[in-house]
Amino acid sequence: MSDRMYPASEAARLGAELRARRRALRMTQNELAELAETTQRFVSTLETGKHTVRLDKAIEVADVL
């Protein structure tokens with residue numbers, strides 16, 4: 001397993017993809033957060049590309065989408 005940190009640009013790209021998918025589904029951040037059992041703040045942070053988010057929670061959000 002690698003200890004390599006992913007560049008911020010990768011986190012931003014992932015966040016943009018998740019945001020686009022959420023919007024395509026006509027879902028609010030609050031709705032997504034509820035389905036993923038997290039908070040709207042986490043969804044917002046993830047979508048803005050913060051690269052220090054918890055991977056397990058990010059996967060839960062992606063699974064909902």
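User: Which element has the lowest mean pLDDT and which the highest?
Analyst: Helix H4 (residues 55-64) has the lowest, at 90, and helix H2 (residues 29-35) the highest, at 97. pLDDT is the predictor's confidence in each residue, from 0 to 100. This is a predicted model, so local features need pLDDT of at least 70 and side-chain atom pairs count only at pLDDT 80 or more, while totals for chains, interfaces and linings use all residues. Residues are numbered from 1 along each chain as its sequence is written, and side-chain values use heavy atoms, with hydrogens and water left out.

User: OK, and what does the protein average?
Analyst: The average pLDDT is 88, and 89% of the residues score at least 70.

User: How many helices and strands are there?
Analyst: Four helices and zero strands. Helices are DSSP runs (H or I, at least four residues), strands likewise (E, at least two), and both are numbered from the N terminus.

User: Switching topic: how many salt bridges turn up?
Analyst: Four in the whole structure. The term means a side-chain nitrogen of Lys or Arg within 4 Å of a carboxyl oxygen of Asp or Glu.

User: Where do Glu 10 and Arg 13 lie?
Analyst: Both are in helix H1 (residues 8-24), three residues apart, about one turn of the helix.

User: Is Arg 13 buried or exposed?
Analyst: Arg 13 counts as exposed because its relative accessibility is 51%. The cut-offs are under 20% relative accessible area for buried, over 50% for exposed, and partly exposed in between (1.4 Å probe, protein chains only). Glu 10, at 34%, is partly exposed.

User: What does Arg 19 pair with?
Analyst: Arg 19 forms a salt bridge with Glu 47, and their closest N and O atoms are 3.7 Å apart. That pair links distant parts of the chain, since Arg 19 is in helix H1 and Glu 47 in helix H3, 28 residues apart.

User: And Glu 47, buried or exposed?
Analyst: Glu 47 is buried, because its relative accessibility is 4%. Arg 19 is partly exposed, at 21%.

User: Which side chain is in a polar contact with Glu 47?
Analyst: That of Arg 22, at 2.6 Å. A polar contact is a pair of N or O atoms within 3.5 Å; within protein, one must be able to donate a hydrogen and the other to accept it, and residues adjacent in sequence count only if both atoms are side-chain atoms.
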